[in-house]
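Let's take a walk through this assembly together, one chain and one contact at a time. Keep the viewer open and turn the structure as we go.

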Amino acid sequence: MTAEATLERQGIDLAKRRSLLIEAGIVAAIALFFIFIVPLLLSGFRLSLMGRFLSLAIVALGIDLIWGYTGLLSLGHGVLFALGGYAIAMHLKLQIPPTASSQLPEFMTLYGVTELPWFWQPFYSFPFSALAVMLIPALLAALLGYLVFRNRIRGVYFSILTQAMTIIFFNFFNGQQKLINGTNGLTDFQTFFGVQVSAPSTQFVFYVVTVLLVVVAYAFCRWLTSGRFGRLLVAIRDDESRVRFSGYDPTGFKVLVFAVSGALAGIAGAMFTLQTGIISPKAMDIAFSIEMVIWVAVGGRASLVGAIIGALLVNFAKSLLSEQFPEVWLFLQGGLFLLVVMVLPSGLVGWLRTRGLELFRQITGKRKLSTYPALEEDPEVEHERKNLGD
Amino acid sequence: MNEKILEIENLTVSFDGFKALNNLNFSMDAGELRVVIGPNGAGKTTFLDVITGKVKPTEGRVLFKGRNLRSYAEHAIAQMGIGRKFQTPRVYLNLTPRENLELSCNRNKRVFPTLFRKTPSAERRTVSGLLETIGLTHKADMKAGLLSHGEKQWLEIGMLVAQSPDLLLVDEPVAGLTDEETFRTGELLLSLAESHSIIVIEHDMEFVHQIARKVTVLHEGTVLCEGTMDEVQHDPRVIEVYLGREVDAEHPVTPLEDALLEPTGTLEVN
Amino acid sequence: MTSILDGIFSGLSIGSILLLAALGLAIVFGLMGVINMAHGELMMLGAYTTYVVQNGFKSLGGVAFEFYIFVALIAAFIVAALVGLVLERGVIRYLYGRPLETLLATWGVSLILQQFVRSVNWVMAIGLVIFCVLFFGGMRLVAKRADFERIRGWAIAILLTLSTAISFLVGYLLAQSFKLAVTQPWFGAQNKDVTAPSWLRGGLPMGAYQLPYARIFIMLLTIACVVGVYLFLQKSPWGLRIRSVTQNRNMSACLGIPTQKVDALTFALGSGLAGVAGCAVSLLGSVGPNTGQNYIVSTFMVVVVGGVGKLEGAVIGALILGILEYVIGTGMLATLTTFQPLVDFFTFFATTSMAKVMVFFLIVVFLQFRPAGLFPQKGRTVDA
């Protein structure tokens, strides 16, 4: 260990800090752009779509965390998403004006329920509901994750177990008319903190909150994935049993990541519900959960920006295309799955990082000779150049 | 140095009736460097699997510093101070050598400390020192997937050391290395042996000659014999299992040494 | 007594459908580690094939209709196997060693197949045929040129656009000149009814109950399939190759076993079995684009419970799940006890969909004791 190396190390740290600052600046700028400029550019309808899709971007971040970084393909995020949605929806359904004839959500009166079921009681409180939005999906994910990971069940087994979870919850929620209005789901929200949920101003507030939440979620995931913890996730993805022999127990890490990812899905579900005005078991459809994965795949696995971009891109494409040609959309979606997996395995961001950069250089005439590994990047050469001098 | 670091008593491991290890007894002192050899299928890898907890013994027990390892999972055993290097180098290809080492070096391997604790500068220094030892300082920040086979072998040995285990299990460290790399690996292991107990499994007899003090020969899941390299080489039972024929007067046996010193391929096809 | 017998029979009958559906999946998963999300859609194709065959025989009328089911079984097997073969050659073989990606890709295929049966009509079918002829024929011609490797990218791009354009044009012209006759979907999004031949209607009276002939037929069919697959795997030369590749792919390749052919064959076999399952399912009710989706998760669970080591796993897993689902779903457990909370508990789960909830819970509990299923793959190579 020489002083020189310490200096070098400090230099690296400084450079890191600076690039982090730059990144934070860019993120802030984009957030401000979304809050102040985008509403001027888009019509009310498109803006509300943007708000919804941004909340979907939060789930995409969660999926990226668990699939892109840790290599666990969850096909059950629809459930976690829906649980978040239900948690906030239950709170909204309990905003009953004291003058109303019945102090129960209207569907309960319809099904002849006379007393509020016990598990609805705590949702009168907003802090509880807000916590539940995150904690219920996180706890469910943690429980399932613990039971599964503990036994070293992984790979496709994990995927199809989470998929089974999806269909189970779908069945369960579909069947419980009296408790949570079954197939119809919870909808027809009135007020939230005393203001009309459907009023444009309220919706705009939801939009802004969503943008902020995306930023927070991004920062959080960035923090998780950049440090030693993030590297361990990558290590688990690449060679889990090796991680064990290095003295780590992967179970805890996987459970934590799955739970965090679940909490993100819950938040996303809540924001989505607020903006669409409905949450129903349809959100637990098998197809929806797999769709989420494809957003991340399109954007680029193991790239947080990619997850957000993918979610926005795919959803806007979907809303445009399925408005125009509803028949063709499924073909296109199916094709998208095939295309992404077979031709673009690292997604748009991954492609841009490698081929796109090359293409750009080619076009601008700054083409590099592509030797492998590139001559001027070869650290051995660099090292010699630095130490031996010219 | 008479304290036993590893004791194995009457160990049997069977897979579906097939006994990979059969009533094996083994012990080694703290600070010892032991080489384990044996023909294919002798149970060498299973031997390491049992010590590291990947496979649980069907019968018998494994004591590490006097503690029975049976009820511990792999990661717990690793934390107790047993490190393992695999036959084919298993490093994290998408991480840089520095990150690889930092992960192994991390003292507190539970979830939340890993997440929240900052890497202490002492660990950073250890990592830099190790990078220098294994000759990867200038490649410290490129992906490990780009390293050559030999560099990966060394990186994995580095990761092993970063764990600072008391007992190192090294499975074929020189497979696929050039002669010079092999020699340097031997030197490295010898220098490590000054402060660690090491078990090396190897086929390359020249290499075994370079590092061996005491050799254990495994055959069909049991210890065939134990002793210095010389003793082992002239043990008729060893000659028999390696050459696969009866020792009799009419067919004088080629001295084992010749056979063993041939290119490894003749003895062991991996 | 009869109620218990009836329970066992119905459970076995559900289980045999599950088994029929899971059989192909289990073989493919065992061999290639690939979960085929389009398996359900292959079943659906089998069911639609049955529907088509039935219509054909209906127009023949008379005695022939009574035996259409056997033709349908064979046709369903062939159609599904061919689609499976195309799927393997066209998609899956590029994704070996990446099971999660395969999952996503086959899901994409399943979406396409679903929409395909909804909207397929003459225009689409003809367009598709023209496209295939032009594109693949063209590629074959171009491939003969010496500088093929160099111009490959361009050739694909040009041929793709050209053949797409031509087939669209032809489709458009057809649609303009023949109107509804060619643009009407063959099947549409609605469910189609398959009429079982008269000898499969009705049932065998057993005391107060009736054992439907259709279900008995399905059970016999399942037994025939399991025995057939077993014999194929154990006695035929290709079966031996499949087993050897299942155990050790690299070693088999070294011994000169054409692993690619084995993969393709196995996948086709698995898909064909799905087609047979679809044919069987169509006897129980109507056929729709979502037919496959209803079965797919349950069949996955069969594979999880059974383990991938042996065929027996799929058999026992399917039967156990079938019986459990039936016993819980009909509330039979509630009649066994008089302890009130327990009765309430069991009646809460006494619907078909709630029974699935309970069964899933039981599966997760089961996996705590047997993480690798009933018949795990053993040996030290499993978790390298």
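Predicted model: local features only at pLDDT ≥ 70, side-chain atom pairs only at ≥ 80, totals over all residues.

The domain assignment gives domain 1 of chain C as residues 2–120 + 185–369, while domain 2 of chain C covers 121–184. Where these two domains of chain C meet, each of them contributes four residues to the contact. On the side of domain 1 of chain C that touches domain 2 of chain C, you will find three nonpolar residues, one polar residue and no charged ones.

Strand 2 of chain C (residues 203–206) and strand 3 of chain C (residues 209–212) pair in the antiparallel sense, with four bridges between them. As a landmark, Leu204(C) has Leu211(C) in strand 3 of chain C as its bridge partner. Two residues sit between the strands of this hairpin, and Gly207(C) takes a positive phi near 65 degrees there.

Now turn to the place where chain C meets chain A. Here 33 residues of chain C are in contact with 35 residues of chain A. Which elements of chain C give two or more residues to the side that touches chain A? They are helix 4 (99–119), helix 12 (291–306) and helix 16 (352–369) of chain C. Helix 4 of chain C gives the most to that side, with 14 residues. By class, the side of chain C that touches chain A holds 23 nonpolar, seven polar and three charged residues.

Chain A has a mean pLDDT of 87, and 90% of its residues reach 70 or more. One stretch to treat separately is 369–376 of chain A, over which pLDDT stays under 50; the model has four contacts beyond four places in sequence for these residues.

Chain A is also assigned two domains, with domain 1 spanning 42–327 and domain 2 spanning 346–390. Taken over C-alpha atoms, the centres of these domains of chain A are separated by 40 Å. Their contact draws ten residues from domain 1 of chain A and five residues from domain 2 of chain A. On the domain 1 side, helix 12 (286–299) and helix 13 (304–324) of chain A each supply at least two residues. Helix 13 of chain A gives the most to this side, with four residues. The residues of domain 1 of chain A that make up this side divide into four nonpolar, five polar and one charged.

Next comes the contact between chain A and chain B, which takes 24 residues from chain A and 31 residues from chain B. On the chain A side, the elements giving two or more residues are helix 9 (228–238), helix 10 (240–245), helix 11 (250–276) and helix 16 (379–388) of chain A. Helix 9 of chain A gives the most, with seven residues. This side of chain A has twelve nonpolar, four polar and eight charged residues.

Our last stop is chain B itself, starting with its sheet. Four strands of chain B form an open sheet in the order 2-1-4-5, with antiparallel pairing. Strand 2 (18–29) and strand 5 (67–68) of chain B stand at the edges with a single partner strand each, so one side of each has no neighbour in the sheet. Strand 1 of chain B (residues 4–15) runs antiparallel to strand 2 of chain B, and eight bridges join them. Within this pair, Leu11(B) has Leu24(B) in strand 2 of chain B as its bridge partner. Lying across strand 1, strand 2 and strand 4 (59–64) of chain B is helix 1 of chain B (residues 44–51), which runs at about 65 degrees to strand 2 of chain B.

Helix 5 (residues 121–133) and helix 6 (residues 149–162) of chain B pack at an angle of about 145 degrees, with their axes 10 Å apart. The crossing of helix 5 and helix 6 of chain B is right-handed. Thr126(B), Val127(B), Leu130(B) and Thr133(B) in helix 5 of chain B meet Gly158(B), Val161(B) and Ala162(B) in helix 6 of chain B. The residues of this contact in chain B comprise four nonpolar, three polar and no charged.

Key. Residues numbered from 1 in each chain as written. Chains lettered and ligands numbered in written order. Contact = placed C-beta atoms within 7 Å. Nonpolar A, V, L, I, M, F, W, Y, C, P; charged D, E, K, R; others polar. Domains from an automatic or database assignment. pLDDT = per-residue confidence, 0-100. Axes fitted to C-alpha atoms, helices over the stretch in contact; angles between N-to-C directions. Left-handed = near helix turned anticlockwise from the far one by under 90°. Pairing = 2+ DSSP bridges.
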